Amino acid sequence: MRTYLVIIFSYFFVFSLNAAVKTGVSAPAFTLIDSAGASHSLSDFVGKYVVLEWTNHRCPFVVKHYREGHMQALQESMTDKGVVWLQINSGAKGKQGYLEAEQAQRLSEIQGFKSTAYLIDSTGEVGRLYDARTTPHVFLIDPEGLLIYQGAIDSIKSVKVSDVDLAENYLVAAYESHTNGEQIAKSTTKPYGCRVKY
């Protein structure tokens, strides 16, 4: 029974709202190399909305969003509007979900990612800078470089694909509110998922 509870806890990891980076302040600067070998700096995208999505393809919570193309469709919808979408893998070498650049590029092709880039953060430096805790854990940065949303992708903490369409998507809600000049109702939420494997 004890072993079973430990397994459940490890998969359904939920964190408090206490974030290292405060919502409403300038997003920390960083530079990372993507799966194709290109360098990307946050400063490259001033004037655009930027989504940071921490990911691990072996995490069941991530699989939930990618298995039937939900996350890919969301990536495409937002990038079509000019949003920059950066997937970030902060998994350390030897840990679950770690990918070399070539492996990440192949995964992108197989799963049909529609993000702007898949960034490799195997040292965990950028993940710790943002206090990225789970996969998925998402952050939304406005065109002025301010962090305007951070937390869970949506409102249902499960690994069931069927829950994606039932949940409130916090990222989309934040983006739509901000672009409409409205206050974001939920600018910080509890991230849920698998622990980032630093």
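Tutor: Let us begin with the surface: the protein exposes about 9600 Å², of which carbon and sulfur atoms supply 52%, with accessible areas taken from the Shrake-Rupley method with a 1.4 Å probe, where for residues only the protein chains shown count as cover. This is a predicted model, in which local features need pLDDT of at least 70 and side-chain atom pairs count only at pLDDT 80 or more, while totals for chains, interfaces and linings use all residues. Residues are numbered from 1 along each chain as its sequence is written, and side-chain values use heavy atoms, with hydrogens and water left out.

Student: How many disulfides does the structure hold?

Tutor: A disulfide is a pair of cysteine sulfur atoms within 2.5 Å, and the structure holds 1, which joins C59 to C194 with an S to S distance of 2.3 Å. The two cysteines lie 135 residues apart, C59 in the loop between β4 (50-54) and α2 (60-66), and C194 in strand β10 (residues 192-195); helices (H or I, at least four residues) and strands (E, at least two) are DSSP runs, numbered from the N terminus.

Student: Is C59 buried or exposed, and is C194 buried or exposed?

Tutor: Buried means under 20% relative accessible area, exposed over 50%, and partly exposed in between (1.4 Å probe, protein chains only). C59 counts as buried because its relative accessibility is 0%, and C194 counts as buried because its value is 3%.

Student: What share of the 198 residues of the protein count as buried?

Tutor: Of the 198 residues, 48% count as buried.
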